[in-house]
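Me: I have a protein model open and want to learn how to read its features one at a time. Please give the general idea first, then the case here.

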Amino acid sequence: MKKFLPKIPVLLLILGAVLRVAGIGAAAIWFDEALMLYRAGIPFMTLFLELSEKSGNLLLEIILRPLLAISHSALMLRIPSMIAGLVSLWLVWKLMQRLDFTLRQQITTSAIVAVLPGLLWIAQDARSYGLLSCLFLAALWFALESQWLGLLAVCGLMIYTQSTGAVYAVAALVITLYLYPWKAKRIILVGLVIVLAWLPAIWRIHGTGTIRNIWNPQLTLPINALQAIWPGLWGWFVLPACIILGLSLLFLFFGTKARGRFVLLHAWALPCLGMVLYYLVTKENIIMYRTLMPILFPFSLWLGWELGRNRLTSNVLSAGWAFILLAGLVIWNPADRGGHLDQVADEIRSQWRTGDTLVYTTVTVGLPFGYYLGDLPHTWNDIIHEPDVLASPSIARTYLGTPTGSAARAWVIIPNEPTLITPDEKTDLDLLVHHQEPIYTVNYMQSAQLNVYLVEEP
């Protein structure tokens with residue numbers, strides 16, 4: 001048994017890798033992923049300033065261009081995130097060794113990062129948050145090893161991976177300065193070169209803005225944190241998860257001055273603080289579940305370090321975490337992230353008649369449904385005018401008319417967005433669908449429900 005125990009951390013990380021690979025194709029494409037697919041088809045030189053995407057995903061968009069040239073598919077779209085997730089697991093292993101984790105701390109940490117739903121999410125979602133997580137872990141490794149060129153490279157890329165990457169890079173530099181205060185001049189020089197590399201991105205953000213939480217303009221950090229750690233896992237699961245997470249955060253007040261603890265604690269706390277400070281200065285809330293997900297790896301490392309200590313409180317909370325990790329793994333279904341939109345699209349196709357037309361009311365329904373039904377006659381309705389998300393004017397809309405020139409039936413798709421759709425627009429939409437109830441719904445964990453109506457022409 002003693003010979004087997006040292007292998008458990010590696011086996012748990014391998015389990016995490018299997019879960020990431022196995023679930024990559026389970027979910028249907030959703031709007032954010034369909035938007036990445038759309039941007040792969042616009043002229044390359046317009047990517048940096050084109051306003052359909054304000055998150056600042058330039059690095060991922062460059063990586064995706066040659067991949068999507070091979071296969072224009074959702075699976076290919078997600079490969080960079082999956083690879084970043086696998087590399088991140090390896091970096092977790094390296095950091096545990098570098099920070100002298102005990103065997104118990106390694107087992108605890110490996111179990112958390114292997115199955116935590118938020119970490120599975122970013123490894124299977126065609127967005128930049130998995131890449132940012134990987135770069136941040138690499139930055140921590142380069143900081144610990146005082147490898148300045150590597151630190152410069154990954155921190156310089158962070159703001160081009162995702163605009164909020166700037167706060168993660170600053171956190172890495174602050175940690176480096178703590179580790180090596182006698183090398184302050186060199187660290188400051190590295191920081192200045194990073195800022196110079198960031199100037200184009202800063203100019204873009206100043207001119208076009210950045211990602212912001214338009215659904216919750218005020219800070220909602222506790223709710224967003226829960227959504228980041230356990231996306232979509234609600235119901236009875238919430239109460240024990242909140243209790244165990246809240247009790248775990250009490251470790252903040254009863255810690256030791258170990259170097260590893262300081263590095264990992266500040267690796268997740270400083271980015272949070274940076275985003276809060278950005279809100280206080282600009283009054284724009286950039287905190288949402290997605291922008292918090294890159295802190296989950298350092299948070300898991302810190303939590304594993306705390307739970308892995310041999311003391312009563314750690315033992316009790318470890319049992320609690322074991323329960324919610326197992327429960328979360330049982331409940332977690334990677335297909336839920338796509339809302340089963342592909343199945344609804346199949347239902348529409350199976351009932352299609354000559355003369356039917358799809359009617360898209362927003363780009364948030366048009367792009368993902370277009371991925372599955374783009375060959376069917378479709379048109380766009382312009383009732384909704386919200387410009388940031390629902391009716392982004394920079395997204396080109398394609399039309400495909402019916403063979404007869406007029407539709408006998410219309411499949412109208414409308415997002416349930418009470419915050420973004422005005423009352424007058426809601427009234428007009430109700431008239432459009434003749435006050436019917438939807439015949440199908442697409443229920444997402446992370447975004448608005450999509451309602452499908454079948455409208456018979458009089």
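**A polar contact and its surroundings**

Me: Which side chain does Arg290 reach with a polar contact of its own side chain?

Reply: A polar contact is a pair of N or O atoms within 3.5 Å; within protein, one must be able to donate a hydrogen and the other to accept it, and residues adjacent in sequence count only if both atoms are side-chain atoms. Here the side chains of Arg290 and Asp32 make such a contact, at 2.4 Å. The model is predicted: local features need pLDDT of at least 70 and side-chain atom pairs count only at pLDDT 80 or more, while totals for chains, interfaces and linings use all residues. Residues are numbered from 1 along each chain as its sequence is written, and side-chain values use heavy atoms, with hydrogens and water left out.

Me: Is Arg290 buried or exposed, and what else does Arg290 contact?

Reply: Buried means under 20% relative accessible area, exposed over 50%, and partly exposed in between (1.4 Å probe, protein chains only). Arg290 has a relative accessible area of 10%, so the residue is buried. Arg290 belongs to helix 14; helices (H or I, at least four residues) and strands (E, at least two) are DSSP runs, numbered from the N terminus. Contact means heavy atoms within 4.5 Å. Apart from neighbours within four places in sequence, Arg290 is in contact with Trp30, Asp32, Arg127, Tyr129 and Ile211.

Me: What is the geometry of the pair formed by Phe299 and Trp302?

Reply: This pair is tilted, with 5.6 Å centre to centre and 45 degrees between the planes. An α-helix has 3.6 residues a turn, so residues three or four places apart point the same way. Phe299 and Trp302 are 3 residues apart in helix 15 (residues 296-307), so they are separated by about one helical turn. Both are buried. Elsewhere, ring pairs link Trp230, Trp236, Phe237, Trp321 and Phe323 into a cluster.

Me: Which ring does the charged end of Arg337 sit over?

Reply: A charge sits over a ring if NZ of Lys or CZ of Arg is within 6 Å of the ring centre and within 35 degrees of the ring normal. Arg337 is placed in this way over Trp121, 5.9 Å from the ring centre. Arg204 lies over the face of Phe48, at 5.8 Å.

Me: What is the strand order of the open sheet?

Reply: Two strands pair if DSSP finds at least two bridges between them. The sheet has 5 strands in the order 2-1-3-5-4, with mixed pairing. Strand 2 (378-380) and strand 4 (440-442) are the edges, each pairing on one side only. Strand 1 pairs in parallel with strand 3 over 4 bridges and with strand 2 over 3 bridges. Strand 4 and strand 5 (residues 450-456) run antiparallel, joined by 3 bridges.

Me: Which residues of strand 1 lie on each of its two faces?

Reply: In a regular strand the side chains alternate between the two faces of the sheet. In strand 1, Thr357 and Val359 are on one side, Leu358 and Tyr360 on the other, and all are buried. Val359 has Thr379 as its bridge partner in strand 2, and Tyr360 stands opposite Ile413 in strand 3. Leu358 has 0% relative accessibility, so this residue counts as buried.

Note on methods
Rings of Phe, Tyr and Trp (its six-membered ring) pair if their centres lie within 6.5 Å; planes under 30 degrees apart count as stacked, over 60 as edge-to-face and the rest as tilted.
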